[in-house]
Amino acid sequence: MKNRYHNAAYQYSAHNLRQLQDAGGFEVAFAGRSNAGKSSAINAITGSNSLARTSKTPGRTQQIIFFDLGQGRRLVDLPGYGFAKVAHSMRGHWHETLPRFLAGRRQLQGLIVLMDSRHPAKPQDTQLVEWCVELGLPVHILLTKSDKLSRSAGLQALREIRAGLPGEVTLQLFSAHARQGLDEARGKLDEWFAWPGDG
Ligand code: GDP
């Protein structure tokens with residue numbers, strides 16, 4: 001499979017919605033609880049060690065970060081949510097910035113939601129998926145750190161979470177460390193980005 005994501009390059013960070021650049025084109029955003037493995041997933045998918053900074057202090061980075069893929073396509077790294085120590089300052093982000101971004105960002109083709117496969121579908125995860133479904137925004141869930149689960153436990157997690165989701169939401173097991181599910185995740189991005197020449 002052609003990997004369109006290896007040339008991803010940091011473009012800019014927005015601290016609030018006013019700082020967003022209104023370029024045309026197509027974007028796919030990544031969101032998840034702090035520590036769910038979002039940075040590791042972005043790095044694995046783009047084949048980079050350091051494009052998205054894995055943070056030792058969960059919840060510290062609250063910017064919306066854009067990575068340019070070329071041909072008017074971009075990946076968007078949304079701030080992690082749900083980390084208790086920054087719960088207060090994140091409240092504005094969670095209740096205002098995030099839903100407004102999802103509803104107002106016309107470039108957005110879909111949202112990748114990262115959930116730790118051992119602790120999935122927390123209330124904020126479920127709320128996020130519901131917002132997207134109401135907006136008609138496609139959602140694909142990566143159940144991360146699947147290397148921590150046995151094969152059968154992974155399949156069971158898939159089945160259980162699938163059962164609680166709206167039918168249009170897709171999901172898969174993913175491990176940045178074991179490099180599991182990379183092609184499947186890139187395939188979903190390819191589908192949403194509709195790269196020129198992909199027919
Ligand atoms: P983020 O806060 O969502 O960006 O999460 P990070 O990517 O920074 O990862 C949070 C923690 O989970 C780090 O300690 C990572 O090493 C660990 N982690 C991320 N991906 C994996 C994975 O695929 N397998 C395992 N076992 N640990 C992972």
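Visitor: Which residues does Arg73 touch, not counting residues up to four places away in sequence?
Guide: In this predicted model, leaving aside residues up to four places away in sequence, Arg73 touches Phe26, Phe67 and Asp68, and also Phe193, Ala194, Trp195 and Pro196.

Visitor: And where is Arg73 found?
Guide: Arg73 is part of strand E4, which covers residues 73-77.

Visitor: Does Arg73 count as buried or exposed?
Guide: Arg73 counts as buried, because its relative accessibility is 7% and the cut-off for buried is under 20%.

Visitor: What lies 2.8 Å from a polar atom of the Arg73 side chain?
Guide: That is the backbone oxygen of Ala194, and Ala194 is also one of the residues that Arg73 touches.

Visitor: OK, stepping back, how many helices and strands are in the chain?
Guide: The chain has 5 helices and 7 strands, and along the sequence they follow the pattern β-β-α-β-β-α-β-α-β-α-β-α. Of its 199 residues, 48% are buried.

Visitor: In what order do the strands form the sheet?
Guide: The 7 strands form an open sheet with mixed pairing, and the order across the sheet is E1-E3-E4-E2-E5-E6-E7.

Visitor: Which strands stand at the edges?
Guide: Strand E1 (9-14) and strand E7 (170-173) stand there, and because each has a single partner strand, one side of each is left without a neighbour in the sheet. Ignoring direction, neighbouring strands of this sheet are turned by 25° against each other on average.

Visitor: What about E5 and E6, in which sense do they pair?
Guide: Strand E5, residues 108-116, and strand E6, residues 139-144, pair in the parallel sense over 6 bridges. Within that stretch, Val113 stands opposite Ile141 in E6.

Visitor: Which helix lies across E6 and E7?
Guide: Helix H4, made of residues 151-163, lies across both strands and runs at about 165° to E7.

Visitor: And which strands does helix H5 touch?
Guide: Helix H5 (residues 182-193) packs on the sheet and touches E2, E3, E4, E5, E6 and E7, while its direction makes about 140° with that of E2. Phe193, a residue that Arg73 touches, belongs to this helix.

Visitor: Switching to the ligand, which residues come nearest?
Guide: Of the 16 residues around the ligand, the nearest are Asn35, Lys38, Ser39, Ser40 and Asp147. For Ser39, a polar side-chain atom lies 2.6 Å from an oxygen atom of the ligand.

Visitor: Which backbone atoms lie 2.9 Å from an oxygen atom of the ligand?
Guide: A backbone N or O atom of Ala176 lies at that distance, and a polar backbone atom of His177 is 3.0 Å from an oxygen atom of the ligand.

Visitor: How much of the ligand does the protein bury?
Guide: Taken alone the ligand exposes 570 Å², and the protein buries 79% of that area.

Visitor: Last topic: which residue has a positive phi of about 50° although it is not a glycine?
Guide: That is Gln71, which is found in the loop between E3 and E4 and is partly exposed, with a relative accessible area of 48%. Arg179, which is not a glycine either, has a positive phi of about 55°, and Arg179 is found in the loop between E7 and H5.

Methods: Residues numbered from 1 in each chain as written. Predicted model: local features only at pLDDT ≥ 70, side-chain atom pairs only at ≥ 80, totals over all residues. Heavy atoms only, no water. Pairing = 2+ DSSP bridges. Helix = DSSP H or I, 4+ residues; strand = E, 2+ residues; numbered from the N terminus. Axes fitted to C-alpha atoms, helices over the stretch in contact; angles between N-to-C directions. Contact = heavy atoms within 4.5 Å. Buried < 20%, exposed > 50% of the residue type's maximum accessible area, 1.4 Å probe, protein only. Polar contact = N/O pair within 3.5 Å; in protein donor to acceptor, adjacent residues only side chain to side chain. Near = heavy atom within 4 Å. Areas by Shrake-Rupley, 256 points an atom, 1.4 Å probe, with all protein chains shown as cover.
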